[in-house]
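Visitor: Could you put the model up? I have a few quick questions.

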Amino acid sequence: MYQDATRTRFAARPDDLAIGRVLEEEAMSDAEISQSAVGTASDRLPRGRLAPGPRGHVVFGSLPDFRRDILGALFDAWQRHGDVVRFRLGGTIQAYLLVHPDHVAQVLQENHRNYRKDRLTYDRLKPTVGEGLLTSEGDLWLRQRRLIQPAFHRQRIASFGSLMVESTLAMLDRWEARYGDGQTFDVFAEMTRLALEIASKTLFGTSLSEDADRVGQAVSFASLHTNRRMQSYFELPLSLPLPGNRRFRREIRALDEVVYRLIGDRRRAGQRSDDLLSLLVDARDEATGEKMADHQLRDEVMTIMLAGHETTAVALSWTWYLLSRHPAVAARLRAELSDVLGGRPPRVEDLPRLPYTEMVVEEAMRLYPPAWILSRSPIADDVVGGYWIPADKMVMLCPYLTHRHSAFWENPEGFDPERFAPARSAGRPRYAYFPFGGGPRLCIGSGFAVQEARLVLATVAQRVRLDLAPGCSVRPQPLITLRPSSGIRMTMRRAEA
Ligand code: HEM
């Protein structure tokens, strides 16, 4: 097992995030997972009924509908067939959509030992992120999660607060110099740049601002191409010299260049720092004393670089969009910021006194969860909501739908941050809202992302108002994340105007 050279042990300590404790208690090796799952699920459970679902195309089932409009197809099937829906996706491929929070809890938490990440989905991510934390399983995942977890300790995240605010203030200065005269700009591109800069400075100790546009372009194409491959009728190998595959490889090479440069620079610098990059570069195998293999290091850095900025940028972009469409919410937000901060930039210690700011972020991620779908497959047969879920089939959990379940959310399409106020949240099941997933595979960066989103929102909303540019129509594009399809064009003006 790798050991962090700067610490004597890296297993979660008592004051670590809750997930650290969950990991200690719940994580098992792959072999244990398989044994216990096969031994329990199939013995214990009678086969349930077959779930209802759309008939779809005679050969390809629902795949053509997914290719046309996957969010619409999932939503319609849910409305028509209920909380458990069975889809045929061509050949013997079947997928089960589970929408009820109890079903989500069963898969992610209560019976998580019986579920692995779905290969059909996650294997398609591997050409980009390899066997990093997001895609790996079993012993490798557990070892790496334990290694990386301390970098996301609550106190360490809090120490990033001032850097998060400084980067945002610098962005605002740039905006005022460039866009002060009412010129439109793409808020999604700006949030992507900002989130990449924050993640690279805090976690890797360097600014990637010069690479931001190149990384943004590579990530956009890699997402699009991966998504196309996920929804294609026939699986064609990536090695075929098709134009899309060639461009994909070019974009991955560009990302690799950035990642290997980061690693090389740190190794050459030779001096120890206590950020995530050093944690990874200095990690040693407990038994052999060997350093982490280069390809593993590359996969972890790539995973954190991509997962660590694109999702947060998406969350912030939808927040600005929603605020521009709901001026009363925006006014309430500014009133809270002005009462508590009185015009000065926020600090981490201010956050507990900015509950409305937090609720705005939560509500934006309810309506537009950046990770809009999660997929798993059961190791052994399971029964969910009375329906049989056969082993190895795909299980889709869709925060975008569960966050709109009318049994748990009043006026689900409305933008109403106060639904997250304690009194109105009482009694709502834990998994009615799961933008960061849950169980042992809970997002490792959730605390980082939430702090960043709240600080950026508080810093920007105090200084400027963002209005949707006239004629700009915005639609969600469900790729790996739920991106705005063609960015979000906005104009800015001073907040007091
Ligand atoms: C608003 C921002 C974010 C959202 C909505 C989000 C969402 C998620 C979700 C839903 C998962 C679970 C995926 C699954 O179970 O299949 C996940 C996992 C993960 N996220 Fe995030 N994430 C965000 C920000 C971040 C940040 C800032 C980082 C790192 C700096 C990060 C790194 C990761 C990693 C490494 C995993 C895999 C964890 C594991 O399986 O052990 N994420 N994220």
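Visitor: What share of the 497 residues in the protein chain is buried?
Guide: Buried residues make up 45% of them. Buried means 20 or more other C-beta atoms within 10 Å of a residue's own, with C-beta atoms placed from the backbone. This is a predicted model: local features need pLDDT of at least 70, side-chain atom pairs count only at pLDDT 80 or more, and totals for chains, interfaces and linings use all residues. Numbering starts from 1 along each chain as its sequence is written.

Visitor: How many helices and strands are there?
Guide: The protein chain has 19 helices and 14 strands. Both are DSSP runs numbered from the N terminus: helices are H or I, at least four residues, and strands are E, at least two.
Guide: The radius of gyration, over C-alpha atoms, is 23 Å, close to the 23 Å from the globule rule (2.2 Å times the number of residues to the power 0.38) for 497 residues, so the chain is as compact as a globular protein of that length.

Visitor: Switching to sheets. What is the strand order in the open sheet of 3 strands?
Guide: The order is E5-E14-E11, with antiparallel pairing. Pairing takes at least two DSSP bridges between two strands.

Visitor: How many bridges join E11 and E14?
Guide: They pair over 5 bridges, and E14 covers residues 489-494. Aspartate 467 has threonine 491 in E14 as its bridge partner.

Definitions and conventions:
A residue is buried if 20 or more other C-beta atoms lie within 10 Å of its own, exposed if 12 or fewer, and partly exposed in between; C-beta atoms are placed from the backbone.
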